[in-house]
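Visitor: Can you walk me through this model? Keep it quick.

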Amino acid sequence: MERKLAEHQIVLLGVGHTNSHVLRMWKMAPLANAQLTCVSNFSIVTYSGMLPGVLAGQYDRERMEIDLVRLAAAAKARLITAPVTGLDIGGGRLHLEGRPPLPFDVLSIGIGSRPAAPGIDLENPHLVSIKPMQTFLGRLERAARRLPAEGRAVRVAIVGGGLGGVEVACCLPARLAIWLPKGSCEITLINARQQAAPGVSASTARRIQTTLSRLSVRQMLDSRVADVSGGQLTFASGETESFDLILWATSATAPPLLGELGLPTDDGGFLLTQDTLLVKHPDQPPIFAVGDSGAIAGAELPKAGVYAVRQGPVLWSNIEHLLAGRPPQPYRPQRRFLKLVNTGDGRAIAEYGSFSMRGRSLWKLKDYIDSKFMRMYQDYAPAMNAIEPSRPPEDERSSGGHDGMFCTGCGGKVGGDVLHRVLQRLDLAGNEHVVLGLDAADDVAVVRSTGGRPLAVTVDFFTLPLDDPVLSGRLAALNAVSDVFAAGGAPHTALCSAIIPRGDGEAQEEFLYQLLWGALHEFEKIGVSLVGGHTIEGVDAALGFTVMADAPDELRTKGKLRAGDRLVLTKPLGVGILLAAHMRGECRAAWMDRLLPVLLQSNETPARILADHDTSGVTDVTGFGLIGHLIEMLKGSGLAAQLALSRLPLLDGVSELVAAGWESTMAPANRHVESFVRATADAREHPAYSGLFDPQTSGGLLIGVAESAVDGFVDELLSNGVSANEIGQVIEGDTVYVEIVDEIVDA
Ligand SMILES: Cc1cc2nc3c(=O)[nH]c(=O)nc-3n(C[C@H](O)[C@H](O)[C@H](O)COP(=O)(O)OP(=O)(O)OC[C@H]3O[C@@H](n4cnc5c(N)ncnc54)[C@H](O)[C@@H]3O)c2cc1C
């Protein structure tokens, strides 16, 4: 994926209303010789302006969400979703949990704000905070569905009576009506100030009051909440009142992280900047603080999305200026802006300067502005210049090499048939050191030094499957060591082979460091030491390991299946399809969120557990897909198998992507074994059928288990957090074949 390493590292911390502009511009016109990395606490971001509309049922939830996985992939930017633990200002490094420090030449901090809640337990199950907004609807639904159906109206408090709180009060009843179909709700809007939505003009305030009264929203003004216990609010006056549900939408305060970065802050804890949005700090790489997180010295701007949005183009241009050695330009905040308040009934209240109005056309205007804004960020198609050499026609959805993009990870393997033919043409002579060699078609070799113990050895190597070198390094290690675990070996040492793209020495050093840091992160957990390797420069980055292990007394091999064994698979299929889609910005954040933990799951645990059960042949499923690896097992065992498609686990999103025509570039080569498959025309149309040929990077284990032992084995895997599915059985056959069946019926 990396063709030439960039010299300049631009890092966005938090991708909100301002920083997302940089990501969008990057997709259209990336800066030369620079790498953009986004660090976010979620893989989606939300647009607050549309949240009330989502509550009111005017929009689907997706309308307010930007899918960062897709946008970053389309922009060829890196996305890291790891918590930030600190900042090395002088060294220009951001510290992240579970990862090496991330170097930057330019950093833009835009992690927004959070509702003020001094001393309040936001984990209280009666209380739902508006932030993080990404999880707000889920938390709200869970809390609402927990409410007892007592035949009375549900009492809801909204603490915080700014414009956001007013909108939520207007729009919430429609949402609660979905979740509480039998009950009505009574909304109380609580504000520490003497007026709801302070800061608006008198005529806007009147319109807001009329709307709230019409909706029977009760108001408690001049009422500061001092404590929350269960559903009971205690006010600063000492009075108490109980509610069934409490929404927390108080005014914006600084996230604690801002105060932990060692940068100058204002009295409220927001990062103090100059009018260029740059944090004032001597002797440091440039650090911007934008949106709610920043506070321009002397400007006193309210925390509002309109300012954050307008800062986006200034930030982008200032990053460009700095990299070009030009001085940054000031941001000039607008003195007035159009406020549009969604009242949830198809109308909105508008205020601009002294002008104030309420009506349907104003809701239409708000809808038009917000929808237009979001469309710009929900366009996940890679820019024309991001694909080399040319973009395929719209209807060619597979990444099948039409445009020079080939699958990476184990999807970048040379086809099994090619390998087979080459090995047949070569004269492969063994010697006295070879215990298990190429004639066995297993994934590990076993060799013995003169007079020594047998050593199990395996090698795996791939072009990097992900943009992120740390994650790719982890995957390379997990993938390489998996063969040894499948064979029952005890890995101890590894040698690395790496191809690093061209670039200056510093960039190459950092890239290789991050790759190997990731690999060592996994190797250390299993006691494997890196003892050597070889690194060369090349066009596409690649990494692999030769892993050495003590061979067990009896090696577990593929060819030991027994007729009657059940087949158990430990990870869901579809990695290759998802990674192919990801290369074109088509893998959704929710799918990637589910994929990554599966990829990063080691096969050590299932390999350890299977030793205690009546198991037979074992292999790990990688580049040749489930079917290719199963056929290798069956050839070695002289048997056939049945697979129940309905039992084949697929990763989230795979069915949709298969239906849309996606497959890995390696899938056609993997289909060369289709002649061994007996399946009806209907079965061949099933999405899981495509999953059979899909190359897996860091795939699961495929294990033959005695029928009498299979339930206990699967239960033990599941109770150890390993996904496990009984997917078929081994049968006697006149020849080697795989029959696709509806269900497993005792042979
Ligand atoms: C209900 C509601 C309605 C609103 N409506 C409007 C409106 O109509 N008009 C208006 O002008 N303003 C509105 N606002 C205010 C507006 O939402 C904010 O001013 C705006 O979101 C600020 O943008 P930002 O980029 O600073 O932060 P955000 O848009 O909040 O983005 C910050 C991002 O950083 C991420 N993040 C947070 N912490 C971390 C971390 N530690 N590491 C990595 N990432 C992190 C967050 O997940 C988020 O994606 C509303 C606010 C609310 C609560």
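Guide: We start with ground rules, then take domains, ligand, cores and strands.

Guide: This is a predicted model, so local features need pLDDT of at least 70, side-chain atom pairs count only at pLDDT 80 or more, and totals for chains, interfaces and linings use all residues. Residues are numbered from 1 along each chain as its sequence is written.

Visitor: OK. Which domains does the assignment give?

Guide: Domain 1 (8–41 + 81–113 + 254–333), domain 2 (127–252), domain 3 (443–550) and domain 4 (558–741). The bounds come from an automatic or database domain assignment.

Visitor: How far apart are the C-alpha centres of domain 1 and domain 4?

Guide: They lie 44 Å apart.

Visitor: Switching to the ligand. How many residues surround the ligand, and which are the closest?

Guide: The count is 33, and the closest are Gly14, Gly16, Gly112, Gly291 and Gly305. A residue is near if its C-beta atom, placed from the backbone, lies within 6 Å of the molecule.

Visitor: Which domains do they come from?

Guide: Domain 1 and domain 2 each supply at least three residues of the shell.

Visitor: And which helix gives the most to the shell?

Guide: α8, with three residues. Both α5 (163–179) and α8 (305–323) supply at least two. Helices here are DSSP runs (H or I, at least four residues), strands likewise (E, at least two), numbered from the N terminus.

Visitor: Now the inside. Which residues touch the most other members of the largest nonpolar core?

Guide: Leu23, Cys38, Leu68, Ala72 and Leu578, out of 163 residues. Helix α11 (residues 469–487) gives the most to this core, with 12 residues. Such a core is a set of buried Ala, Val, Leu, Ile, Met, Phe, Trp, Tyr and Cys residues joined through C-beta atoms within 7 Å.

Visitor: Is Pro501 buried or exposed?

Guide: Pro501 is buried, because 20 other C-beta atoms lie within 10 Å. The cut-offs are 20 or more for buried, 12 or fewer for exposed, and partly exposed in between, with C-beta atoms placed from the backbone. Pro501 is in strand β29 (residues 490–501).

Visitor: Last one. How do β34 and β38 run?

Guide: Strand β34 (residues 640–644) and strand β38 (residues 738–741) run parallel, joined by four bridges. Pairing takes at least two DSSP bridges. Leu643 stands opposite Ile740 in β38.
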